[in-house]
Amino acid sequence: MSYIIYFAIILLLPIYAQMKVKSTYKKYSKVRSTSGMTGAQVARTILDENGLQDVKVVESSGFLSDHYNPMTKIVALSTHNYREASVAGAAIAAHEVGHAIQHKESYSFLSLRHKLVPVANISSNASWIFIMIGMLSSMSGMLLLGIVLLAAGVVFQIVTLPVEFNASNRAMNQMVSLGIIRNEEERHAKKVLNAAALTYVAAAAVAVLELVRLVLIYTGMTNRDD
């Protein structure tokens with residue numbers, strides 16, 4: 001029964017988070033901001049106000065494909081957010097610019113996350129090879145190696161949380177101080193950013209739960225060997 005509950009959580013939590021993001025975005029992408037600024041204009045305004053004239057704002061294809069690339073110094077906004085003047089578009093554009101400001105200020109967690117990217121990519125992919133070999137052959141050493149490699153990916157997921165929360169806080173502060181959103185729009189923008197943050201929380205929670213499960217399996221395996 002406990003395994004059924006566990007797998008229900010790790011399957012349903014990410015699905016719920018994605019549904020929450022899409023429904024919240026859909027709702028507030030239809031609410032026009034009183035400033036009348038498109039996402040592109042919001043991003044450009046905040047960037048310029050923070051001395052980031054060297055960061056470009058471009059349009060990207062795909063649904064909610066918005067991101068900031070620190071290597072190229074580009075804020076990429078999905079078509080609707082780039083072109084339309086909505087509360088959701090403003091919030092997401094400001095959030096991505098929040099990452100650009102973090103980059104400029106060498107925000108510690110962002111710097112750490114960048115350093116962890118290559119390690120996390122390699123270890124996360126390789127970890128399951130050793131985990132499966134260890135579990136199928138009952139070789140605790142192989143399983144432990146897989147767990148250690150997987151842990152690097154889990155650390156990356158956890159470090160991502162303060163990066164995303166901080167970018168959202170910066171976004172809200174910038175939008176309010178510059179008059180991009182006003183009054184009730186602040187509450188709406190927070191809902192969009194909170195829904196987006198939930199996806200990162202769900203990913204981290206699932207990663208931690210899976211790591212704990214594997215550690216318990218490893219513990220049981222070594223106890224049998226004793």
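Reader: How many residues does helix H1 have, and how far does it reach?

Author: Helix H1 (residues 2-28) has 27 residues and spans 38 Å from its first C-alpha to its last, close to the 39 Å expected at 1.5 Å a residue, where the expected span is 1.5 Å times one less than the number of residues. Helices here are DSSP runs of H or I with at least four residues, and strands are runs of E with at least two, numbered from the N terminus. This is a predicted model, in which local features need pLDDT of at least 70 and side-chain atom pairs count only at pLDDT 80 or more, while totals for chains, interfaces and linings use all residues. Residues are numbered from 1 along each chain as its sequence is written, and side-chain values use heavy atoms, leaving out hydrogens and water.

Reader: Which residues of H1 are buried?

Author: Tyr6, Ile10, Ala17, Val21, Thr24, Tyr25 and Tyr28 are buried in H1, buried meaning under 20% relative accessible area, exposed over 50% and partly exposed in between, with a 1.4 Å probe and protein chains only.

Reader: Switching to His99, where is it, and is it buried or exposed?

Author: His99 lies in helix H4 (residues 87-104), and His99 is buried because its relative accessible area is 6%.
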